Amino acid sequence: MEYVPDARQQMILCCECGSAIPPNPANMCVNCVRSIVDITEGIPKQATIHWCKNCERYLQPPATWMACDLESRELLALCLKKLKSLSKVRLIDAGFVWTEPHSRRIKVKLTIQKEVFAATILQQTFEVEYVVASMMCPDCTRIMAQNTWKAKVQVRQKVDHQRTFFYLEQLILKHNAHQETINIVEVKGGLDFHFAQRAHAIKMVEFLGSMVPTRSKSSEQLISSDIHTSTSNYKFTYAVELIPICKDDLVVMPKKTANSLGHIAPLALCTRVGSSVHIIDFKTLQVAEVSGLTYWRNEDIIPICSMRDLKKFYVVDVDLVGPRFGKYALADVTVQRMADVGKNDNVIIVRSHLGNILNFGDLVFGYDLLTSNINSEVFDKLNPDEVPSLVLVKKGYAERRRKRRQRNWKLQSLNKDEGDLAPRKHEEERKVADFEAFLRDLEEDPELRQGINLYRDNSAITRAAAAGDEMVDDDDEEGDDAPEIPLEELLNELSIGGGDDLNDDDDDEMATME
């Protein structure tokens with residue numbers, strides 16, 4: 001049997017301290033190499049990063065502000081870019097060391113390698129401490145200061161009510177189109193949106209054009225210029241005009257325009273306003289769509305009656321006579337003015353598209369063309385035999401029922417400034433009436449509320465449950481129930497840090513909004 005000696009590792013003495021070490025090209029132990037060579041030399045052990053406390057973004061030099069969460073990958077990359085000499089070594093590992101969130105300190109643990117002698121690589125671990133300094137970003141500076149907007153969008157509509165702006169406000173909230181605004185000012189006839197960048201204002205103009213028919217024009221104003229660098233500072237203004245036709249408006253148009261819309265009657269009723277205006281001939285149920293391009297080409301489709309001209313009538317009889325189209329049906333409706341009910345037998349028989357909706361004893365709103373003062377050359381040119389004496393618009397409900405019933409839902413609103421001039425008392429009352437009319441339109445029209453977010457009013461639901469039968473109307477024998485929005489269509493409102501909600505029931509728990 002052959003003898004095999006044990007393999008033993010040869011050891012040498014360190015040339016500095018004389019310790020026994022395995023052979024290496026430097027002939028030195030690790031401690032002596034570290035005492036002679038510091039591979040972290042030139043890498044700062046302290047640095048400063050700037051953070052905006054308003055928008056909670058960090059400054060990435062030279063002028064980029066980015067949002068980063070604590071101990072995120074983006075924040076780690078931002079911290080590593082602050083170390084200038086890090087490119088001279090090899091980075092092996094990097095990670096955060098926990099610090100108190102309110103200490104305004106961020107610690108990063110780094111592991112690096114570097115070749116110190118020939119074929120000798122040294123690895124070392126150390127920590128870098130970052131001081132978080134508060135600094136306001138340019139966007140927040142413009143918000144805090146006055147008259148620092150770069151672009152402004154002026155939205156106007158030539159009507160005598162604000163229902164369109166209430167609906168537009170809900171569309172903006174649903175699509176979060178107001179995220180880049182620095183201020184919203186409520187002025188007479190519309191709203192002004194202020195932006196810090198011109199691109200954000202153009203985006204708002206495009207959004208409004210996709211929601212409702214609009215036309216816009218732009219202008220610019222020179223603020224300052226530098227002749228040495230050929231740079232100028234401008235303020236841009238975009239004027240956006242909404243189409244002056246609203247839901248339930250009675251419109252009139254020349255025969256030439258009516259023929260271009262599929263030979264519809266010159267006198268039609270507006271049923272919906274979206275990306276285009278939907279009108280219906282209440283005598284034949286023929287429908288047509290008016291795009292923004294069609295309207296602004298000649299501007300000859302004129303609204304002659306609006307919601308303030310509506311009058312209430314009592315339905316005496318409904319006789320279905322013709323075809324059906326969706327929720328509409330052609331019928332001959334016999335109505336009586338509310339002032340004549342119980343006093344005489346003066347009735348009016350009119351052809352209407354509300355045959356499926358109206359029944360005997362209902363209330364209905366309509367335009368009384370016999371007593372209305374209409375100033376329109378296009379309307380005066382119509383054949384008097386073809387102009388009805390009355391145009392029925394929508395079903396009405398008893399006012400006492402609406403007042404007794406408490407809504408279990410609510411809407412959000414934009415944070416708007418009133419501007420330089422505060423509204424007068426009668427203007428404020430008119431605004432409240434317009435908002436109430438808008439809320440009733442949402443209750444009566446499921447198609448209208450599909451494009452907006454409705455939220456549960458937990459306090460109203462709690463009060464209604466506590467009241468019990470007291471909320472029920474006593475006149476149920478009439479069968480005239482005002483429409484309600486079902487709870488399954490409502491969203492739970494998201495609240496953050498609400499201390500008052502700690503004692504609420506399980507029904508008040510917040511859910512994720514879709």
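In the predicted model, the hairpin formed by strands β10 and β11 has two residues between its strands, and Gly189 takes a positive phi near 90 degrees there. Strand β10 spans residues 181–187 and strand β11 spans residues 190–195, the two running antiparallel and being joined by six bridges. Within this pairing, Asn183 stands opposite His194 of β11. Five of the seven residues of β10 are buried, so the strand is largely enclosed by the rest of the structure.

A second hairpin is built from strands β19 and β20, again with two residues between the strands, and in this hairpin Gly326 adopts a positive phi near 65 degrees. Strand β19 (residues 311–325) pairs with strand β20 (residues 328–337) in the antiparallel sense over nine bridges, and β19 also pairs with strand β22 (residues 363–368), likewise in the antiparallel sense, over four bridges.

Attention turns next to the charged side chains. Side chains of opposite charge can pair when their charged atoms come close. The structure holds 19 salt bridges. One of them joins Arg215 to Glu241, with the closest N and O atoms 3.1 Å apart. This pair links distant parts of the chain, with Arg215 in strand β12 (residues 214–226) and Glu241 in strand β13 (residues 231–242), 26 residues apart. With a relative accessibility of 33%, Arg215 counts as partly exposed, whereas Glu241 is buried at a relative accessible area of 16%.

Another salt bridge is formed by Lys394 and Asp441, whose closest N and O atoms are 3.4 Å apart. Here too distant parts of the chain are linked, with Lys394 in strand β23 (residues 390–396) and Asp441 in helix α10 (residues 425–444), 47 residues apart. Lys394 has a relative accessible area of 19% and is therefore buried, the cut-off for that class being under 20%. Asp441 is also buried, with a relative accessible area of 4%.

Glu436 counts as partly exposed at 26% relative accessibility, while Arg440 counts as buried at 18%. Salt bridges that share partners also join Arg163, Lys247, Asp248, Lys394, Asp441 and Asp445 into one network.

On the surface, a patch of negative charge is gathered from Asp417, Glu418, Glu427, Glu428 and Glu429. Among these residues, Glu418 is found in the loop between β24 (409–410) and α10, and at 51% relative accessibility Glu418 counts as exposed.

Helix α4 (residues 163–175) contains Tyr167, which counts as buried at 18% relative accessibility. The C-alpha atoms of Tyr167 and Leu448 are separated by 9.1 Å, although the two residues are 281 residues apart along the chain.

Several backbone features remain to be described. Most residues other than glycine have a negative phi, and most peptide bonds are trans. In the loop between α4 and β10, Asn176 has a positive phi of about 55 degrees although it is not a glycine. Asn176 counts as partly exposed, with a relative accessibility of 38%. Glu299, which is not a glycine either, has a positive phi of about 55 degrees. The place of Glu299 is in the loop between α7 (292–298) and β18 (302–305), and at 35% relative accessibility this residue counts as partly exposed. A cis peptide bond runs from Pro61 to Pro62, with omega near 10 degrees, and Pro62 has its place in the loop between β4 (57–60) and β5 (64–67).

Note on methods: Residues numbered from 1 in each chain as written. Predicted model: local features only at pLDDT ≥ 70, side-chain atom pairs only at ≥ 80, totals over all residues. Heavy atoms only, no water. Buried < 20%, exposed > 50% of the residue type's maximum accessible area, 1.4 Å probe, protein only. Pairing = 2+ DSSP bridges. Salt bridge = Lys/Arg side-chain N within 4 Å of Asp/Glu carboxyl O. Patch = residues over 30% accessible without salt bridge, like charges linked within 9 Å, V, L, I, M, F, W, Y side chains within 5 Å. Areas by Shrake-Rupley, 256 points an atom, 1.4 Å probe, with all protein chains shown as cover. Lys, Arg positive; Asp, Glu negative; His and termini not counted. Charge placed at Lys NZ, Arg CZ, Asp CG, Glu CD.
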